[in-house]
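The following note sets out numbered points for a colleague who is reviewing the model. Each point takes up one topic.

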Amino acid sequence: MAGTDRHAVHRTIVVVDVEGYSAPTRTLPHQLSTRTGMYAVVTEALAAAGVPMQACWHGDAGDGVVVLVPPDYPKAPLLEVLPEALVRAIRGHNSTSPAAARARLRLAVHAGEVAFDDYGATSPSMVAAFRLLDAAPVREALTGSPGVLAMIVSGLVFDEVVRNSTTLDPATFRPVEVTVKSFHDRAWIALPDHPYPADPTPRPPDTPAPENASAGHAATGPATGPGTHARYDGPGPRGVHIAGDVHGSGPGITIGAATGDHLTIGTPPPPAQQPHNPR
């Protein structure tokens, strides 16, 4: 079988998706214009972050694109520069496009081992990136934002890059719990062009997140925009628990929306009710 003797290599995984790509008002000519604009803005934003598109492997996903960035290029600019560059490029595209060809994007950033074969690229890390991109909290964060971009990063990227950045403010990110099929991870959402206010609530990096959110108790998250809070029943940092299914993964396949999601909005518990649980 082709490719079975090929070793996986490390890549930073950047995935973007157009909000409302299949809306009834977006005809085929509009979709083609939107796709052209999407590739142009992603290429422009990557260049601003010091990453030429031609140096990366990229795969088409219909209403999105996945870009695998070689390890020669540092991850920090992909968090510190790329999102703001995307915002500028999207606004430039929208300013010269009819309403039905304008775009707002979701951006997911993850990293991990990737295997290449005769058909493209695949790995559990790539699947995870698509799961993050399609999670309900980041969809709802973009819906509730007046901006044009919502970004979700994996727990690994947040801990290794965001927490150690001299440019980014980790307190403007909001934690969510994403569970889809066998994938489970704490992820973090930010709105680059309409940031959440800095959250003073301490969240030790080694505090485990809850596995489930009971009815009437879920955690804070940006699911409905800044200032929205919910509660979960149990210790640990606040997050959003997603349980659902998707309809595909990997380059060339459009990921379907998660189903079976459940979120109850309430008031966050006081900090004293969130004991530290070291691993």
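1. A residue is called buried when its relative accessible area is under 20%, exposed when that area is over 50%, and partly exposed in between. Gly120 has a relative accessibility of 12% and therefore counts as buried. This glycine is found in strand 5, which comprises residues 120–122. Not counting residues up to four places away in sequence, Gly120 touches Trp57 and Ala115. Its C-alpha atom lies 9.0 Å from that of His58, although Gly120 and His58 are 62 residues apart in sequence.

2. The model is a predicted one, and its confidence should be read before the details. The average pLDDT of the protein chain is 77, and 70% of the residues score at least 70. Over residues 208–279 the pLDDT is below 50, and this stretch has 180 contacts in the model beyond near neighbours in sequence.

3. As to the overall architecture, the protein chain has six helices and nine strands. Buried residues account for 50% of its 279 residues. Of the contacts between residues at least 6 apart in sequence, 71% join residues at least 24 apart. The accessible surface comes to about 12,200 Å², and carbon and sulfur atoms contribute 56% of that area.

4. Helix 3 covers residues 82–95. The buried residues of helix 3 include Leu82, Leu86, Ile90 and His93. Pro83 and Asn94 are also buried. Packed against the buried residues of this helix are strand 1 (9–18), helix 1 (28–48), helix 2 (76–80), strand 4 (105–117) and strand 6 (149–154).

5. Helix 6, residues 155–162, has Gly155, Val157, Phe158, Val161 and Val162 as its buried residues. Seen down the helix axis, these residues fall within an arc of 165°, so they line one face of helix 6. An α-helix has 3.6 residues a turn, so residues three or four places apart point the same way. The cover over the buried residues of helix 6 includes helix 2, strand 4, strand 6 and strand 8 (183–190).

6. How many aromatic pairs does a search of the whole structure find? The search finds three. In the pair formed by Trp57 and Phe116, the ring centres are 6.2 Å apart and the planes stand at 70°; the pair is therefore edge-to-face, the cut-off for that class being over 60 degrees. The pair links distant parts of the chain, with Trp57 in strand 2 (residues 57–60) and Phe116 in strand 4, 59 residues apart. Trp57 counts as partly exposed because its relative accessibility is 26%. Phe116 is likewise partly exposed, with a relative accessible area of 23%. Elsewhere, Phe158, Phe173 and Trp188 form one aromatic cluster.

7. Leaving aside neighbours within four places in sequence, Gln31 is in contact with Tyr21, Ser22 and Arg26. The C-alpha atoms of Gln31 and Asp63 are separated by 8.4 Å, and the two residues are 32 residues apart along the chain.

Terms used
Residues numbered from 1 in each chain as written. Predicted model: local features only at pLDDT ≥ 70, side-chain atom pairs only at ≥ 80, totals over all residues. Heavy atoms only, no water. Helix = DSSP H or I, 4+ residues; strand = E, 2+ residues; numbered from the N terminus. Expected span 1.5 Å × (residues − 1). Buried < 20%, exposed > 50% of the residue type's maximum accessible area, 1.4 Å probe, protein only. Contact = heavy atoms within 4.5 Å. Phe/Tyr/Trp six-rings, centres within 6.5 Å; stacked < 30°, edge-to-face > 60°. Areas by Shrake-Rupley, 256 points an atom, 1.4 Å probe, with all protein chains shown as cover. pLDDT = per-residue confidence, 0-100. Arc of directions from axis to C-beta.
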